Amino acid sequence: MMTVKFADGRQVQVDTDREKISKVNGRAFLMYSGETPDSDSVLSRMGDMAPMSVTEIAQGLGTACEKHRHDLVNKRLRRLGTSLRRMGAAALSQGALGQLALESRIIRLSGCFLVGGVDSTKAHIFVVDDFAIENKWPEGFAAIGSAQAIAFSALAAHEVDKSVPLARAIYFAYEAKRIAETDYGVGRKTQLGFATIDGGAEFILEPAIEALEAIYQRRKSFAESDEAAIARLIQPSQP
């Protein structure tokens, strides 16, 4: 799903074939959520990510997000006849300073980035936006986007953590994505990948995606025998 924001404030979400996950250096994946102009501008500042470690990619994204936000703030402040540099150098009245500070604080990037991968000794997960670089490896998983709360809940329901075996973790990630599709902002297209210290980062091929979908459909079905058992439990007791 791609979000496009127009100058008049209108926002449109379109389900497209544009990929929002990429393999960046053979050992990591990069995902983004939010408006396309913001993400494109941030990524254009990154340069060649192939030589970077996962941590270096996250740090570079953090710097690029901050710079892009500063550009957005300066663009807004120029309409008021000033800039971030002039705000720091000029003595402003209390009222004007308050207005400019408010203008600069309310401007945020529309989304964020998730970087996940491995180095020679361990795995890493980072969530990056224009204010923070969060290390999510202690939790063992992360989610971004308009339906991140739905995906997070689905993963938490399975008590997902770093001890979950790879095959099971892949299915739980697929299930969380499918459940998250109940949100309007989540597209139907699904891409999955995994990274291991020995093998690096690899995308999961379409036949495996189809097999995961079959498992998902089977697991979500409600057996008639289960329904009958519950019905018996809630029947009023006979006098």
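In this predicted model, E181 and K177 form a salt bridge, with their closest N and O atoms 2.6 Å apart. For E181, the relative accessibility is 18%, and it counts as buried because the cut-off is under 20%.

E181 also forms a salt bridge with R188, where the closest N and O atoms lie 3.7 Å apart. R188 has a relative accessibility of 43% and so counts as partly exposed. These contacts belong to a network of salt bridges that links K177, R178, E181, R188 and E213. Side chains of opposite charge can pair when their charged atoms come close.

If you search the whole structure, you will find nine salt bridges. Another one of them joins the side chains of E134 and K136, at 3.4 Å from N to O. Here E134 is partly exposed, with a relative accessible area of 38%.

Now let's move to the strands, starting with β5, which spans residues 112-118. Seven of its seven residues are buried. C112, L114, G116 and V118 point one way from β5, while F113, V115 and G117 point the other way. That pattern has a simple background: in a regular strand the side chains alternate between the two faces of the sheet.

β5 has antiparallel partners to follow. Strand β4 (residues 28-33) is joined to β5 by six bridges, and A28 has G117 as its bridge partner in β5. Strand β6 (residues 123-128) also pairs with β5 in the antiparallel sense, over six bridges. There, V115 finds its bridge partner in F126 of β6. Four residues lie between β5 and β6, and the two strands form a hairpin.

Note on methods:
Residues are numbered from 1 along each chain as its sequence is written. This is a predicted model: local features need pLDDT of at least 70, side-chain atom pairs count only at pLDDT 80 or more; totals for chains, interfaces and linings use all residues. Side-chain values use heavy atoms; hydrogens and water are left out. Buried means under 20% relative accessible area, exposed over 50%, partly exposed in between (1.4 Å probe, protein chains only). Two strands pair if DSSP finds at least two bridges between them. A salt bridge is a side-chain nitrogen of Lys or Arg within 4 Å of a carboxyl oxygen of Asp or Glu.
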